[in-house]
Amino acid sequence: MHTTILLVLILIFVFISRLYQISLIPPLTPGTPILLRYLNVLVNAAICIAFYYYTKKRTQNRKKAILAAWVYSVLFWPFEQGRIVSQVNTSILFLIIYLIQIKSGSLLYKIVSTIILIGLLLLTYPQLWIFKHVLPKLSFDLINNFFSIVSFEFLFFKNQYFWWGGVRDFGVLNLAFLPFFLIGIYQTIFDYDRQIIFGSLILILLTASSPYFPETRELYLAIPFFSYLIAAGIYKLQLKKNFKRNLFLTGSFIILMYELCQYYHYYTTHYFMEVRSNIYKIHESF
Amino acid sequence: MNHFKSQNRIILSIIILSALLRLVWLDRFPPSLYTDEIDQGYNAYSIMRTGKDEHGAFLPISIRSFGDWKPPLQTYLMIPFISIFGLNEYSVRLPSAILGILSVILGYLLVKELFDTHRWRNSIALLTMFMLAVSPWHILQSRSAMLVMVALFFLQTGIYLFLKAKTLPNLYILSSLSFVLSMYSYYGMRMVTPLIVIALFYLYRKSLMVHKMKIVLSIFGALILLAPLVIAFVREPNVILGRAKTVSVFYDQGINLRKWELITQDPISASPLFVRFLHNSVYMYGKNIVQRFLSHLEMGYLFLTGDMANPFRIPGMGILYIGDSLFLIVGIYMLMKLNGKFLIIVWLVIAILPAAFTFLTPSSNRTFNAVVPFMMITAIGIYGIKKKINRNLTVAVLTSLVYTVSIGYFLHQYFLILPLSHAEWWNYGWKEAVFEISKIQNNYDNIIVPEVNMPYIYFLFYLKYNPAKFQKEAIRTYVADQFGFEHVDAFDKYFFPGDFRWEDTKDSLVGKSLYVIHEQKAPKDVIFDHVVSYPDGKPVIKLFPND
């Protein structure tokens with residue numbers, strides 16, 4: 001009951017934050033029906049619910065699941081993608097549903113599910129580079145791109161690689177989550193959670209080997225995994241309550257709130273101006 | 001007994017390897033003495049002959065140099081070598097090279113002391129020693145006199161003696177002496193060393209309580225030894241602050257400009273308090289400093305691109321081997337389970353901290369003492385993988401292959417590519433130009449050398465110019481340029497105009513003068529008879545006689 005209330009509160013937050021002035025910020029490209037943005041908001045909310053159930057099923061822990069859903073809802077990139085017409089956003093929903101139900105079932109069931117997923121990805125996110133190029137970009141650039149993606153700069157400070165990645169003066173993830181992200185990675189490796197470890201790595205490599213790098217959004221598919229890692233870090237820290245840990249958690253929460261104020265202001269004022277003056281460069285539904 | 005003998009053989013082999021990598025061809029690789037190296041060399045020569053530095057200061061606590069007030073220890077360490085071997089590249093770089101070799105040995109001793117209760121400490125210690133011996137970062141700094149190698153040696157010594165003092169308390173006094181000497185070695189150590197000492201006091205506070213008198217004596221001794229530095233700072237604040245001002249992140253106006261830009265974009269109706277709440281220096285500088293701190297842990301910087309600032313670059317590679325990346329990640333994971341981890345983590349964080357407050361980041365020079373914790377963690381990673389996989393031969397063969405290729409590549413880049421294709425990173429050309437000029441200088445009344453990279457110091461060094469004479473006749477304004485550097489305008493018949501432009505000067509050249517023009521200021525359309533070239537044949541310094 002308690003968890004349900006929290007989930008409802010998260011959803012309310014998702015709807016309010018994504019729907020506020022959705023027709024104005026960012027500006028619509030000519031010919032973009034506003035209905036598509038509303039649908040995207042619904043998908044974004046559905047991802048939160050699906051992600052909650054995914055984490056609950058994996059960890060058998062409601063607290064961790066709620067944390068994961070909450071983290072996903074406040075991350076910068078899902079917020080930004082939730083307010084535009086984003087095909088990759090829909091792909092995440094199918095990916096999570098696939099991961100929820102894949103665990104149980106025979107080998108044949110898993111193969112069929114995988115084929116269906118690929119088909120759905122092809123329908124919802126045809127720009128995925130593996131649908132257009134047989135071979136990835138295997139060169140020194142792959143290592144360079146990989147290091148660029150896993151850099152603190154890109155993840156927490158400047159999202160400069162992706163026009164479609166959103167607000168460039170902020171990273172993909174919230175800086176306040178940095179210590180929890182690192183603790184979460186350590187804990188996940190310690191628990192040898194193969195799906196999270198290899199899932200993240202595969203998606204990062206997929207992005208790094210894209211011929212269109214950096215203008216490619218495959219990495220967005222890894223955001224739920226990153227949210228999981230952050231939630232794992234927060235959960236680990238709050239397990240043993242002592243004064244230092246409580247102080248650290250409180251301090252991080254305050255910093256997070258301030259960072260969110262910064263981001264929402266930047267998004268509604270400065271990012272809005274930036275997109276408005278460059279809207280002619282976007283030639284598809286936005 | 002056999003195990004002990006074979007371990008000693010391994011240690012000896014690594015020491016010999018370190019010595020070879022650091023001493024052989026020390027005068028030729030790097031291809032030229034950099035301005036900071038040559039300045040220390042000449043100041044050491046000046047102090048040796050006259051007791052005063054180039055500015056006439058008697059036994060200075062801080063070497064004024066180009067207005068950057070260099071910490072003095074390395075300069076004083078050069079004096080015995082200059083007196084034996086003369087004023088040349090070897091004498092200038094030998095202290096750093098020798099201390100680099102000793103630093104490798106200290107890496108071994110430190111690990112043994114830090115993990116004294118672990119049965120695998122010998123293996124990790126040997127691995128750390130080897131990693132330091134072949135580290136490109138460590139070799140680059142050992143083979144140049146850029147202050148940080150001396151600082152690292154004394155910091156390592158201080159930490160080692162502090163750890164050893166748990167059983168031999170008299171060593172606390174020597175430890176404090178080492179820490180003080182590190183603060184006389186490099187600017188950044190004035191922040192790093194006190195923080196490391198505080199960390200050591202906190203981490204080992206229980207054992208310190210047993211030897212209170214020794215601790216008090218050590219602190220008292222350190223304060224006395226630091227007194228000259230404090231007095232010098234009181235007399236001349238630039239002794240500590242001078243260079244810090246111009247490289248500080250707060251000196252860079254980019255953040256203030258960005259803040260102003262954001263404020264002007266906010267709606268006019270917005271409350272000033274609200275605008276200030278969001279766009280303020282505390283948040284923007286704070287975020288910037290954290291970003292600069294973390295830039296030193298970026299994998300791209302560590303393994304691919306390295307430091308982009310001259311002369312700390314190694315062409316085509318990072319400051320660590322790419323093979324280190326896997327072992328470093330595994331090492332971090334394994335470190336979390338060990339006693340002794342806090343010191344390594346704290347050391348790593350403190351090593352990077354001063355550089356986070358400068359605007360030229362990432363910087364491998366300012367964070368150089370992080371090389372020791374990095375190599376320790378890598379060694380732990382190598383050992384951890386070997387233990388996990390439990391196939392000693394396979395792991396040994398694969399690891400050896402990876403490192404053989406990596407080290408071979410580094411040696412190729414450092415000893416072949418760097419001097420041949422990137423000699424300009426080390427201000428190559430002035431030595432050769434001075435030798436050419438020394439043959440013909442008596443034919444001219446004036447030698448005019450437009451200012452590029454402090455040429456005056458190269459003339460002083462390679463002409464072995466009488467320091468007493470220079471102290472009296474040097475013409476300086478003591479006005480710092482935009483980077484905080486002070487220049488020499490002239491001495492004897494040598495002139496170093498700062499604002500030289502050939503287009504403005506060519507029609508009114510001074511008679512019976514030799515113009516020595518660096519390619520950065522040389523006109524492209526004039527043919528020069530005498531040209532000093534880079535090893536790859538491109539011109540670097542052009543001589544234009546005006547008879």
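When I speak of a contact this morning, I mean heavy atoms within 4.5 Å of each other. With that in mind, and remembering that what we have here is a predicted model, let me begin with the place where the two chains meet, to which chain B gives 26 residues and chain A gives 26 residues. Together the two chains bury about 2,300 Å² between them, and 68% of that area lies on carbon and sulfur atoms.

Which side chains form the salt bridge here? They are those of Asp169(A) and Arg258(B), which meet at 2.8 Å, N to O, and the count between the two chains is one salt bridge. There are also 14 residue pairs in polar contact across the interface, with both residues at pLDDT 80 or more. On the side of chain B that touches chain A, helix 13, helix 14, helix 15 and helix 16 each supply at least two residues, and helix 15 gives the most, with five. The residues of that side of chain B divide into 16 nonpolar, five polar and five charged.

Let me turn now to the sheet of chain B, where seven strands in the order 2-3-4-1-5-7-6 form an open sheet with mixed pairing. Its edges are strand 2 and strand 6, each of which pairs on one side only. Strand 2 runs antiparallel to strand 3, joined over two bridges, and here Ile475(B) stands opposite Ala490(B). Helix 22 of chain B packs on the sheet, touching strand 2, strand 3 and strand 4, and its direction makes about 35° with that of strand 3. Helix 21 of chain B, in turn, lies across strand 1, strand 5, strand 6 and strand 7, running at about 170° to strand 5.

Definitions and conventions
Residues are numbered from 1 along each chain as its sequence is written. Chains are lettered from A and ligands numbered from 1 in the order in which they are written. This is a predicted model: local features need pLDDT of at least 70, side-chain atom pairs count only at pLDDT 80 or more; totals for chains, interfaces and linings use all residues. Side-chain values use heavy atoms; hydrogens and water are left out. Two strands pair if DSSP finds at least two bridges between them. Helices (H or I, at least four residues) and strands (E, at least two) are DSSP runs, numbered from the N terminus. Axes are lines fitted to C-alpha atoms, for helices over the stretch in contact, and angles run from 0 to 180 degrees between N-to-C directions. Buried area is the accessible area (1.4 Å probe) that two parts lose on being put together, summed over both. A salt bridge is a side-chain nitrogen of Lys or Arg within 4 Å of a carboxyl oxygen of Asp or Glu. A polar contact is a pair of N or O atoms within 3.5 Å; within protein, one must be able to donate a hydrogen and the other to accept it, and residues adjacent in sequence count only if both atoms are side-chain atoms. Ala, Val, Leu, Ile, Met, Phe, Trp, Tyr, Cys and Pro count as nonpolar, Asp, Glu, Lys and Arg as charged, and the others, Gly among them, as polar.
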